[in-house]
Amino acid sequence: MTRVLATLLSHYRRHPGQLIMLLLGLWVASALWSGIQAINATARDSYDRADAMFDTQLDQLERRDGTPFSRTEYHSLRQAGLPVSPMLEGEVVTQDGTRLTLIGIDPLTLSSDNALAQVNTSTSLSDFLSPPWQTRVAPDALAALGIEREKASGATPTLKDGKTLPPLVLAPALPPDTLIMDIAAAARLLESGDEITRIVAAPGALSETPTGLTLTRATTLASPGQLTESFHLNLTALGLLAWVVGLFIVQAALGLALEQRLGMLRTLRVLGVSGRRLVIALSLELILLGLIGALAGIASGVWLARLLLPDVAATLGSLYGAGVGQELNLPWHYWVGGLAVSLSGLLLAGSGVLWRAARLNMLELGQMQAWRSGYRRQLTLMGIGGAIALSIALALYAWLRFQPPGDGLVAGFGLIAALLLASALWLPPFLALVLRTLTHLVRRRPLIHWAMADMQLQLPRLSLAMMALLIALATNLGVGSMVGGFRLTFLDWLDQRLVAPLYLNAPTEQYADIDVWLADRPEVFERLLTRRSDATLQAATTPEGSRALGTPIELYGITPGKSLTPHWPLLATQQDRASAWAAFGDGAIFVNEQLATAENLAPGNRLTLSAPGANETLTIAAIYPDYGNPSGQVLVASPQLAARFNAPPSSMGLVLNDDANVDALRAALRERFVLGSDALSDQAGIKRIATEIFERTFTITRALNVLTLAVAALALFASLLAQARSRRQQLAPLWALGVPRTQLAQLNLAQLGGAALVTGLLAVPLGIVITWGLVAIINVAAFGWRLPLYLFPWEMAVTLATAVGVALLAAALPTLRFWRASPRALLAEEANQ
Amino acid sequence: MLELHQVHKTYATPQGPLKVLENVSLRLAAGQSLGLMGESGSGKSTLLHLAAGLDLPDQGVITLEGQNVASLPEPTRAKLRREQLGLVFQQFHLVPSLTVIDNLRLQARLASRDDADWSGYLIKRLGLTGMEKRYPEQLSGGQQQRLAIGRALAPRPPLLLADEPTGNLDETTAGEVLDLLLSLVRETHCALLIVTHSLQVAAPLDRCLRLRHGRLLDATP
Amino acid sequence: MSLRRMRYLLLLLIATGMLILYGCGDEDPAPTSSSGFAGLGEDADGFEHARPNQPLTFPEDFPQEHAAHPDYRIEWWYLTANLKDAAGDPLGLQWTLFRQALMPPSERPAPTPWAADQLWMAHMAISQGEQHEVAERFGRSHSQSQLSNAQNSQAGVVASPFHAWLDDWQLKANEEAASTDFNHLTLTAYSGEGESRFGYRLELTAEGPLVLHGAEGFSQKAANGQGSMYYSQPFWRINGDVTLNGETKTVSGRGWLDREWSSQLLDARQSGWDWFSIHFDDGQKLMAFQLRGGGDGSGGDADQEQGTDYRSGTWITPQGDATPLATDEIILTPLATSAVAGRDVPTQWRLEIPSVAIDINIAAPYANRWMTTSVPYWEGEVVVNDRASGESLGEGYLEMTGY
């Protein structure tokens, strides 16, 4: 066995380039897969952490007039039995000018039950509490502090103002750019004296709001979970598709390795090596090479992730307010899993090669005869397989239509996978059909005729690579449109929600006064008061009858002013937008898509809503998109919400005239109503940041897409290289018959470019279908809301051009080698056949 | 028709330069047939390749239909090949992607000299009637070589170059193929240069030259 | 991407901060026997030390000694009570305020806002039948804080008028009493909300004098002379309200307050203690404890390593006259153990003190009095019976640590 294996491997000593090619294929395939997985795993880990943080979020107490608390007041609250904890927040500036958030906490009161277990036993808690104190910091922030990771522990970096931080302790789970220390140390650094930035309590720990204070419950916070999950799902889908493309490239690389050793395998068989031993030896080789390739791939996948991660981290971090560490944090099962996936993919791809090796004909007799009918049979099988895959896709789609929304995520993925498979399987029969037809049509043009006929001959070897290209292109288009659509949707949503440039967040009982006061200000164009309340959806009345429900929902009151209504998107109305808004002003309601999908509601249905002291039946005038909101929401005009449900004001958007002096208004408001510094916020700034973030998301998608395409190109390249020798043998006689080499080279390129173009053209509708599947099936199945389908023709054209370019690039080297081959070499090959 | 004048050819090999042809001169007039004999490695295939313009001599002049082959640019040489030459190889070199009839007419079409009647006649003469729609690999060795001969003669070239045309065939088939080749050559008044190591093949030819270690033994131009 | 969400990022950060703290705490192994229970056997250089040559004296040293002694490492105000509700069902409770210095006096930070040199921990427990409710609080203070106003510090103890507090858990002299009075106190502590709310508000009236343990208040804790300052008020008559399961009931009974401070309570070899406070029905009181390990190492080298048990006690007459009991006067034998919180804890004991003709069985009617606090231990009410006759002699409290 060792001897057989050694003989097999000796081939590579003669042809190291082929070994490199094979390893490159395995390497790139698993690198892409594991890279995306690594990004995903790290991001998921961070989200889990973020979600956990949201779970342990804190209630917050504020004074009605917004002035800060003092230490004695905090003690009074404690001595009144309130389980509150003080918190200091501020900014420090490092020597390189980076602003870091500094947070001072009191671990003794912030924690609950078992956290306190550290007081007596843990020296680290007493180190945290006593001089020189500690600075807990995530490794991501070290760069800003100008400290190397190895020297970080215990370092005491100096800030721009000359103060030194307490000794550093690395805490990888912390969000980036945040320093956490004991409140005593923080108070020294911030020179805040007895002042407290905020007072917090564990969620629900305060049964009632102390007099004179407002309580903001942690439970009113929306978790970023769904938006995060949505983005994540897309990354997962991309990873999955990258893996499929990777399988194709592995298959192509293995095909190359076998192709070039067919003679040797035959000789070995003739010399008495049994087919079984040959297969075992080949499997051993496969595993050996697979291990090397996969390990290298996983390692460089992590490197790739590291390369992309600053962007990913920045994107997700600022988008969802959750820090994704720049440190890759990969659990051991990721490595094992990556290896398993790469190896199983390799064996899956290699099984075809082994199958061929096992059935290897010892004497090549009759092989050519068998080939043509064999390929026809293969095409038929592909056609049947494609039909089966398509029926599965259709069946899944039919089944999904009868599923309640929010279910069937796996089926959704299955649907897309089946569609992709069907398309991939149908590609070779389709190309064969096109070529046969074209061959027939161009009979009078001998060279083109030959090129077409020759393409048919190449097809069996190229079809795998073409399938990979098709999937890569379709995925590219699909994910590209999906992310693009996501971006546009998000911008719309921003427009919808952030109509006003200024956003006022004041104590509840002050809104009435502020409203009156603002009404007289000439620079204020419109005041958009929002209100919020919780309610229960008791019943829904539809044309089919009345249903009792009992779903908890959120009531949201908006002011349907001139500035808001044009921007607020509506998915479905009873008649048209204008009448929907008119009805809304008169007391009709809008429901968000999530609620409409979940309870199967349509405009014109009537809902019975109950809130404390109110029970109202209202008509649905429209359904609106509400991206990222996990819960059902009913939109009511703000005055109606106040009148019917007694909902308190929650914020006010201020639309100003163009010439308004924002700063003056802000100052006047703050002075008149004694508002805190963060009571007025600038929405334009938020919008700008959010937009920037999405541009960055785009960058990542592009980077990953380019990589996917690169993998497909490599697959194509490997296939072409695998048959370069036999191609030359086919081209040489033509050259001898008097076709100039330049012309042959051009034909060669045109053949592949054409095939890629056809594949690309097929990828466009497939890409659209995938986009549709992502936004309309998978997103709905996962979250209950649909992303609108946006198409980007320019991007499609670019993708198409890329496809052709990729094919030409892959064909360039073999063609160049043919073109530059010396006549003797061509003839020698010819003679040696 | 074809004239070689003091032609030298050396190949670089890992063992150093290898002299393949040394001072070879010969002449072939229109309609004549010439056999080129010699052992393996005597340089006879190289001579044929040079004559076809597939390779260029280091020294000397090769004239084909009055044109100095070596001085022509590659596209012109290719044109010369498709219009003035018919080539028959030991390994047939049919185009596997084309049917029998398309293979037969390929060179004629490339040379824009496709003639359906002539092709039809050739099919009949070659005994390939009824096989037009088959692919090369579905033919026997003899049939394949006959098809290759037909492909070479389809554009009615003035010169046919054949490199061991029967080398891959059994004795009986070889005889049949050779007879067919010679009779078709006579029919088309085509000059013939045939490389062979078989006396049997050389016998019916007008003339015969012998190569040994790159030199012509019977220097009868 | 609401503003609200951005704002709450800050709160997130805090939560993370806490996670980190938990995480780091986990890395520190539990204290080993080499430094005694809960680190009480650690070396304590730089602190004041309890010594036999610094006797507590009446009345000169009081009420000052009721206040905190921040120059010593550890200190506590420890109240246990055996009560009965209106239905006559027994009910036990505990309230303890612990103080621990974060550093010796010379290393104290400047008293800037929030800076702390003292860590405070308070435990409360209410036990009735199978039910055993426990709560715990933490706080910080600086020993240079102005404690005259309680709002200057989250926790503290002042002597005159007496006030010991951590947040709203407070033991405080009655307002109408004289400022030096220690005989009329009010204890308040509540925890939880609604149905799960429990706690108490009790009036404590001393029916006897303070009792100094050991040699005029110096209580030796190991054969090598290690010890603490230790006095008690064992004569509390208690009346008040106890809230359990959200219901409030009237209770009354007897209580025992221990005051102890030290810088190195245990010998490094001592692993824990068993401590008894007993109210006999005839008015006599008994305090007895045994420190496991660290006794007079009369055995071989192995004994030196491990140490033998060290016992001590005080016999108190109904009038408050105290007789110290030496280690060889006390014989303590565990009779049976119960499985509590995954450990075997002795819940039946035989206590023999021949010098005062005591041979009694001490049993915990309920074994589940495990204190699930940051430093877990067993603390619960016990009943006392005569060993020979089985006659009921009284009740008390048992504390067991280091199991």
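User: What counts as pairing between two strands, and what order do the strands of the open six-stranded sheet in chain B take?
Analyst: Two strands are taken to pair if DSSP finds at least two bridges between them. In this predicted model, chain B holds an open sheet of six strands with mixed pairing, and the order of its strands is β6-β7-β8-β3-β9-β10.

User: Which strands of chain B stand at the edges of that sheet, and why is one side of each left without a neighbour?
Analyst: Each of the edge strands has a single partner strand, so one side of each is left without a neighbour in the sheet. The strands at these positions are β6 (85-88) and β10 (215-216) of chain B.

User: In which sense do β7 and β8 of chain B pair, and which residue of β8(B) is the bridge partner of B:L161?
Analyst: Strand β7 (residues 159-163) of chain B pairs with strand β8 (residues 191-196) of chain B over five bridges, and the sense is parallel. Within β8(B), the bridge partner of B:L161 is B:L193.

User: At roughly what angle do the axes of α3(B) and α5(B) cross?
Analyst: Helix α3(B) contributes B:V100, B:N103, B:L104, B:L106 and B:Q107 to the contact, while α5(B) contributes B:L147, B:G150, B:R151 and B:A152. These residues divide into five nonpolar, three polar and one charged. The axes of α3(B) and helix α5 (residues 141-153) of chain B come within 6 Å, and they cross at roughly 35°.

User: Which helix gives the most to the side of chain B that touches chain A?
Analyst: Across the two chains, 24 residues of chain B are in contact with 22 residues of chain A. On the chain B side, α2 (74-84) and α3 (100-110) each supply at least two residues, and the residues of this side divide into eleven nonpolar, six polar and seven charged. With six residues, the element that gives the most is α2(B).

User: Where in α24(A) does a kink lie?
Analyst: Helix α24 (residues 793-820) of chain A has 28 residues and reaches 39 Å from its first C-alpha to its last, close to the 40 Å expected. The buried residues of α24(A) include A:A810, A:A811 and A:P814. A kink of about 40° lies shortly before the proline A:P814, at A:A812.

User: What percentage of the residues in chain A is buried?
Analyst: Chain A has 25 helices and 20 strands. Among its contacts between residues at least 6 apart in sequence, 83% join residues at least 24 apart. Of the 833 residues in chain A, the share made up by buried residues is 46%.

Terms used
Residues are numbered from 1 along each chain as its sequence is written. Chains are lettered from A and ligands numbered from 1 in the order in which they are written. This is a predicted model: local features need pLDDT of at least 70, side-chain atom pairs count only at pLDDT 80 or more; totals for chains, interfaces and linings use all residues. Helices (H or I, at least four residues) and strands (E, at least two) are DSSP runs, numbered from the N terminus. The expected span of a helix is 1.5 Å times one less than its number of residues. The bend at a residue is the angle between axes fitted to the seven residues ending there and the seven starting there. A residue is buried if 20 or more other C-beta atoms lie within 10 Å of its own, exposed if 12 or fewer, and partly exposed in between; C-beta atoms are placed from the backbone. Two residues are in contact if their C-beta atoms, placed from the backbone, lie within 7 Å. Ala, Val, Leu, Ile, Met, Phe, Trp, Tyr, Cys and Pro count as nonpolar, Asp, Glu, Lys and Arg as charged, and the others, Gly among them, as polar. Axes are lines fitted to C-alpha atoms, for helices over the stretch in contact, and angles run from 0 to 180 degrees between N-to-C directions.
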